[in-house]
Every structure is written in structure tokens, then in C-alpha cells.
Amino acid sequence: MSKLTLSRRRLLKAGAATGVALGAPLHFVKGAYAQDKMSCNMPTGSEVVLGFNVPQSGPYADEGADELRAYQMAVDILNGDSDADAISAFSGAGNLKGNGILGKKVTYVTGDTQTKSDAARASAQKMIEDGGAIMITGGSSSGVAIAVQSLCQERGVIFMAALTHSNDTTGKDKKRYGFRHFFNAYMSGEALGSVLAEEYGKERTAYHLTADYTWGWTQEESIKNATEKQGWQTAQAVRTPLGAGDFSQYITPVLNSGADVLVLNHYGKDMVNSLTQAVQFGLREKQVNGKDFQVVVPLFSELMAQGAGSAIKGILGTANWDWKLNNAGTKAFTQAFGKKYGQPPSQAAQTAFAQTILYADACERAGTFYAPEVIAALEGYEHDGLGNGPTLYRAEDHQCFKDVLVVQGKDDPKDKFDLLEIRKIVPRDEVTYDPSIFGGDLGPADAKQC
Amino acid sequence: MFGNLSRNDWLLIAGFTVLVLAAPIWLAPLGAGYPAIMEKFCIFAIFAIGFNILFGLTGYLSFGHAAFLGVGSYAGVWMFKLFSMNVVLSTVFALICAGLFALIIGYISLRRSGIYFSILTLAFAQMMYNVAYSVLTPITNGETGLQLELSDPRYLDNALGASQSIGLPRTSFFGIDISGGGMPGFYFCAVILIICFYLSIRIFRSPFGMMLRAIKSNQTRMKYTGFNPKPYLLAAFVISGLYAGLAGALMVATDPLAGAERMQWTASGEVVLMTILGGVGTLVGPVIGATLIKYFENIFSAFNENILNATFDFLPEGLRHFAVEFSALFVGEGWFLTLGLVFMIVVIFLPGGIMEGIARIRALFSKKKTQDDAAEGSVVAAE
């Protein structure tokens, strides 16, 4: 057998030369784009690309599908393909002329986050590098939102977060290029605290079951602080593994602990399972310390309510938005959404829709797609009419401040979209907090080339 | 040094090198010519090549290799945070950590074989995933994932007075940016992939590789001839763990964030799928399998109705509507379905993976060749 004689040095040389030769043209192409006032993926043609990065598979696929519906609706409105009834109450509606954004037609790319950080980042990278997206929005988990947000900061692409409830998104891990319209665990605590005290009295002892990861911990801390401020005591806070399925071993000790309220810091399937089991164990019929035993679920979603079925009846929690709200923005949006898709929008859809409209509006007000100026237009922006009442995009941490809803599971729902009723609208002043309590650093708003 | 490789092997390496380095050119028409996905192709190819050294040669099916990938990732990010943004340092540290973990887990798991070995590795990996997700949050940052921060010390970079950029620094290879989505990131991964491929050929062709095959064919007989299979197995396990650690290090070098879910059992299962899809025990098979699965995951999942409508634009209205509706089942959120179908077809009709398909096609076209060649072709597929 003959042998090819090839020295290591020659092989390396040839390899390096090939690499340089292939890389060179790209280098020049990149340089050609560099000019003043260019940020990553600024549109040069007649179209502008947005990236809709939502879970299409995995546990939150339903939320993702609803978000996509909302994005599609927002794009149609921006392009003037459908009438602008849904944003008729929006204070910035005059800026949006139905001719795209800044006269450029809106197109979009989509991707599947799978509710995994790695997949979400890969999908966002594809949108930035291949799709040419100038803004990325979506997500239905805090871990994913924070991962994509930091990628967007690195690449200089604006990220408009959708469903993410952890304090960290606009707290410890906040980023200059990231914006959140949804509320957070701290606001849930502040809103729920006073209602719980009104409803169940000031002398209560709470027992927490908490999903054992960052979101669960921040929520447990927020609820604990808020309820203890009202005079409650905390008997114990027990961490449960994520996706435990069977919570009976955690629920049994609750009754012997002397606690008379059970707080479930669970989300998604975990919450459905733990709540259902707590109800099956008859916790809600029990009497402790001469009071009726109560269960509280600080973060609700329509989807979770559907999963929990009748167990949700009478349970108190908080929500960012509900389609039954009685204001002009909500009515306009719900009506338009219902006309298009034949069902009321979820709170995930509402936050996704609002984020897209707010981004388009900020570009129009800034008069450019240049990211640092769009960021400046969003920071400290006070607006109204998207369904949440008067809303402020706070400049210090890019968190939206608006009223928070305290909701309760309905006793006699009409259909599966009518499971929650609004107990109280907690005004925005009561849930506003000092941005410095969570630390973190927004970082610079310098434009990046890509 | 280059003794035991045949001319065909060298041609294979040369062809592989050209294909990998020219990937930006031939992948562009397929919609995958951008750096991030090509980096993923290279990284998962390395992961699968390493996995194949264990599974393909010894037949030991590890269901926990993603754990080493995760260890490599975390080790890499900690190196960036604490010392330097240079990827060489982080890669070396990731290799050391992944190697250590592989040694410990391998030493324990390899006391059993077959399904028990698989379950042991799976248990270890799930344990590490859960620990990383919750208990070890100070080290792994739990669900949020370990990221770089502005306030990181980066002692070595600061001591050397590296230029302070506004915002987060990028990972670099002696001044060349690796992260941040540029082509250098891809070429860095590509060169390492080629080196890994070369090393894997060397292992396949070495006496050590022969020992590993002996373990697969009949371990008892090997023992009777006076060889102790344990050290060979452990060495193979550690080598494939190192490959996984290297893949993890490259993942954070090109995109500096490490999350626990890349250690989950689904990630371990994915590399098994890649290897089987491409062809277990073949040299190129795992690379093809890894590329194909990552392609489906990233490209097919991004097709939406707009793109489909544009694709079927040439059809008349009614037919187009049908074509769009039908193909929408298989793209976008349906990409899993497509992948599943492809996998089923391959496993049912080509048990040797895609490489068996290629070998069969080659056999069809070279019937005039001697029987020797035909025999060799089947060996390639069955190896």
C-alpha cells in the first residue's frame, strides 16, 4: 500500500491558507456596512425584519402559539394589512401609520426556543446572523429570557421580553438592550400581600412549597416579605424538585406544622399537580387555629387554570392582564383578536402584542432604527391604552410599571376562557419599588456591528 | 508517527478538511451558511465523534455523555470569569475537569456492562443535571445559566492590562474574536474538529482501537487471551469524555453561557441519535448525523407559513394552499416529526445508518471492482 507523505507543517500551512482565503471576502463585506450611525442589522432595503422567538415544542408550546398569533396580528396592523382597531386606544397610535415601521414593510422570522436556553440562543443567533432581525421578542420562561437577553446585549439587538416573571430579568441580570413589559414576582408579592391580609386576616401562618430554582426562590422571598409586612408569620419554606409530579410527601407535613395558609410557588405543570393534590388531600376543608385553611398560588395563568380544573375555584393569585378587564385598550385588543382567531387572547399574547407595538412606536418616535436611539426612546416612556392602563417603561431597569391584577378562580365558569375573575386592580404606585434593591447593571448602549 | 494510516485514510482526512473549511460556501445555498449554525455543526460533530469512540468501538452505550459536555461548559465559563477571555486557557481547563469527571464516573459505571452500564451513566448524568439546576446554584447559577458579567474579576486579563472594552469582552484566540458571531469562531471550531477527526482515525487504526473492537466482539475471549479489558474500557470512556468536554468548551467559547439543561438526559439521548443516524462505528457517520440533526433543529423549525407560501409560489392557488398546509406539518413546530420519520426510515432500512446507505450506493456503482473492495465497503459500514 502506498503512503502519502505529508508533513505536519505542510498540512497546517495548507489548512491555515485555506482558512484565510475563505475568510477574507467576508471580512471585506463586513467592512462595507460599517458607517456612522449603523447598529446591528439596520435595514438597508425596503423591509425590516423582526424575530419572533417562541416555544413551539415542549411544555409551553400553547403559550408560544398564542404569542405567535399576537405577533402576526401586530405585523398585520403595522403593515396596514388589517385595520388598526386593536390599537385605537393606544396613546401612541398616531405614530403608527399602517405603512410598516418608518415606511419599511415589516417581515418576520420565527424560531423554536423549546423552552431551553441553548436552543433559544441558537434560534436567536440564526435570526440575527441569517435572518437579519433587528429586534427579537418572545420567550415563556425566565431562564430563556435572560439567556436570550444577554445574547442580544452582546450582539446589539434589542430584545423585547414576553412571558418572564422572575425578578432577575430586570433585576440582577438586567441589560441595556432588554425590555420587559410583563410584571415580576416582587410586584406579585406587593399586590397580593394587602389582599391576602384583607381576605384572610392579619394573623396567619404561611407554609411555602417552592420550586427549587431561581424563579421559585425569588417568588418565595417576595411573597414572604410582603406577607410578613402584613403581620403574617412563615412556618416553613420547603423546596420541591422541579417536575416532581407527586407532591403528596410535601403536602402531608403541612397540616402538622401549625400553618393555616399554603403558598404554592410553582408554575406550569408543577402548580397544576401540587394544587390538585392539596385539594384532594382535603386541605381546603380543614380548620387550623380556628380558621379555614387557605391555599394561595401567587402566579396564575389561564393555561394553568385550565389544567387544574375545579381545584382552582376560589384560589387567589396575580396576573399581568386579563381579557375581561374593563378599559378601552383591553376591549379593542380582545375584540380584534377574537375576530381574527375566534378566542380571547391570553396574557402571553397581550404582552407579546404590546411589546411589538411599543417597539414600532419607539422607532417611529426616534425616527431611526439605530438601536441606541430606539433604546433612549423606550426608556422612561409613559404610555396608555394597550390594556394595562397608564404604563411607564422605567429607564433605570427597563421594567414596565402598571397596575397588577389580583385574580381568583371563578366558582361557576362559563367556558374554558372564563376561569378567572378579577378581584382587585392594585394601582401601579403600590407595586413600584426602588430599582436598586436587586442590584445588576444595565451596561452600555453602544451600537454593535454585525 | 504517520505509520499506520493508509493512503485512503489520508485522502479521507484531506477530503474532510476541504469540506469542513469550505462549509460556508456549500452550506450557504442550504440556508445554513451563517457562523452560529456552522459552529454548532462542528461542536456536535466533535461530541458525536468522541461518543462514537466509546459506543462505536466498544459497544458500551453511555446515556450520560451530556454531563461531560456540561462540565466542560461550566469549567470554560469560570475560566473566562476568573482569569482570561483567551479560549486556550478555558479549553484546557475544561478538558481537565471533564477528564476527571469521566475518570470517576467511568471507573464506577464500567463495573457493569450492557443495560446496567447505560442506566448507571444515565443516573450519574441526571444527578449532575439536578445538582447543577438547584443545589449548586452558587457555582452554576441554576436555571438562569452561568454568564459573563461586567464585574467579573478576570485577574489575568487585568494583570496584563488588556484593553477595556465598553460592555462585555468577547472571548478571543490571542486577539482574534471567537464569540460575537464572526467567521473566526467557526474556523476555530473547524480546525479543532479536523484535529479531532484525525485523532479519531488514529485511534480507529491503532492497536488500542483493535483492543476496543475486541471488547465489543467478545470480552470473555479477550480475557482468556490474557488481556484485561477494564483499563482499555476506562481509557476509551475518558477519551470520549474528553471529546465531550472539548465540545462543551467550544460551546462556551463561541457563545459564553452555560446552562444546566445541556446536561439533561435528552441531550445525552441526542448524541446517541446522531451517532446511530450517521452510522455507529464509522468514521464519518457521527459527523453526518450531528450535522443532520442540528440542521433539522435549526433550519426546519424556522420555516413558517410565509416562507412556505413563497416556496410554493409557482403553484396555482388551490394546489398551493394544499401544499403549504401539508408541508406545514413537517416544518416549524413539526420539525420533531420530520426528524422522527427520518430516524425511523434510517433505522428500519439502513441499520448501519446513513453510512450504510452511502456504502450501498458505492457498491452499486463499482460492481466491476474486485470482491476485495466490496468486502472492504461492508467492513466500513459494520465497523
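Analyst: Domain bounds here come from an automatic or database domain assignment. The model is predicted. On that basis, chain A is divided into domain 1 (47-183 + 323-402) and domain 2 (186-319).

User: How many residues does each domain of chain A give to the contact?

Analyst: Domain 1 of chain A gives 11 residues, and domain 2 of chain A gives 14. On the domain 1 side, 2 residues are nonpolar, 6 polar and 3 charged. The C-alpha centres of the two domains lie 31 Å apart.

User: What makes α14(B) and α17(B) roughly antiparallel?

Analyst: Take the angle. The axes of helix α14 (residues 285-299) and helix α17 (residues 335-349) of chain B cross at roughly 155 degrees. Angles over 145 degrees count as roughly antiparallel. The pair is therefore roughly antiparallel. The axes come within 9 Å, and the crossing is right-handed.

User: Which residues make the contact of α14(B) with α17(B)?

Analyst: α14(B) brings B:I293, B:F296 and B:E297. α17(B) brings B:W335, B:T338 and B:L339. By class, the contact has 4 nonpolar residues, 1 polar and 1 charged.

User: Why are α3(B) and α9(B) called roughly parallel?

Analyst: Their axes cross at roughly 20 degrees. Angles under 35 degrees count as roughly parallel. So α3(B) and α9(B) are roughly parallel to each other. Their axes come within 9 Å, and this crossing is left-handed.

User: What classes of residue make up the contact of α3(B) with α9(B)?

Analyst: There are 17 nonpolar residues, 2 polar and 1 charged. Those from α3(B) include B:M38, B:I46 and B:I53. Those from α9(B) include B:F186, B:L193 and B:I203.

User: How many residues of chain B are in contact with chain A?

Analyst: On the chain B side, 41 residues are in contact with 48 residues of chain A. In chain B, α1 (7-21), α3 (35-58), α6 (114-135) and α9 (183-205) each supply at least two residues of that side. The side has 18 nonpolar, 16 polar and 7 charged residues.

User: What makes B:N141 count as buried?

Analyst: Count its neighbours. B:N141 has 24 other C-beta atoms within 10 Å. The cut-off for buried is 20 or more. So B:N141 is buried. B:N141 lies in the loop between α7 (137-140) and β1 (146-147) of chain B.

User: How do you know that A:N289 is exposed?

Analyst: A:N289 has 11 other C-beta atoms within 10 Å. Exposed requires 12 or fewer. A:N289 is therefore exposed. A:N289 sits in the loop between β9 (287-288) and β10 (291-292) of chain A.

User: Why are the phi values of such residues worth a remark?

Analyst: Most residues other than glycine have a negative phi. A:N289 is not a glycine, yet its phi is positive, about 55 degrees. B:N141 also has a positive phi, near 60 degrees.

User: Why is B:K216 called partly exposed?

Analyst: B:K216 has 16 other C-beta atoms within 10 Å. Buried needs 20 or more, exposed 12 or fewer, and partly exposed lies in between. So B:K216 is partly exposed. B:K216 is in helix α10 (residues 207-217) of chain B. Leaving aside neighbours within four places in sequence, B:K216 is in contact with B:L57, B:T58 and B:G59.

Key: Residues are numbered from 1 along each chain as its sequence is written. Chains are lettered from A and ligands numbered from 1 in the order in which they are written. This is a predicted model: local features need pLDDT of at least 70, side-chain atom pairs count only at pLDDT 80 or more; totals for chains, interfaces and linings use all residues. Axes are lines fitted to C-alpha atoms, for helices over the stretch in contact, and angles run from 0 to 180 degrees between N-to-C directions. Helices (H or I, at least four residues) and strands (E, at least two) are DSSP runs, numbered from the N terminus. Angles under 35 degrees count as roughly parallel, over 145 as roughly antiparallel, 65 to 115 as roughly perpendicular and the rest as oblique. A crossing is left-handed if the near helix is turned anticlockwise from the far one by less than a right angle, and right-handed if clockwise. Two residues are in contact if their C-beta atoms, placed from the backbone, lie within 7 Å. Ala, Val, Leu, Ile, Met, Phe, Trp, Tyr, Cys and Pro count as nonpolar, Asp, Glu, Lys and Arg as charged, and the others, Gly among them, as polar.
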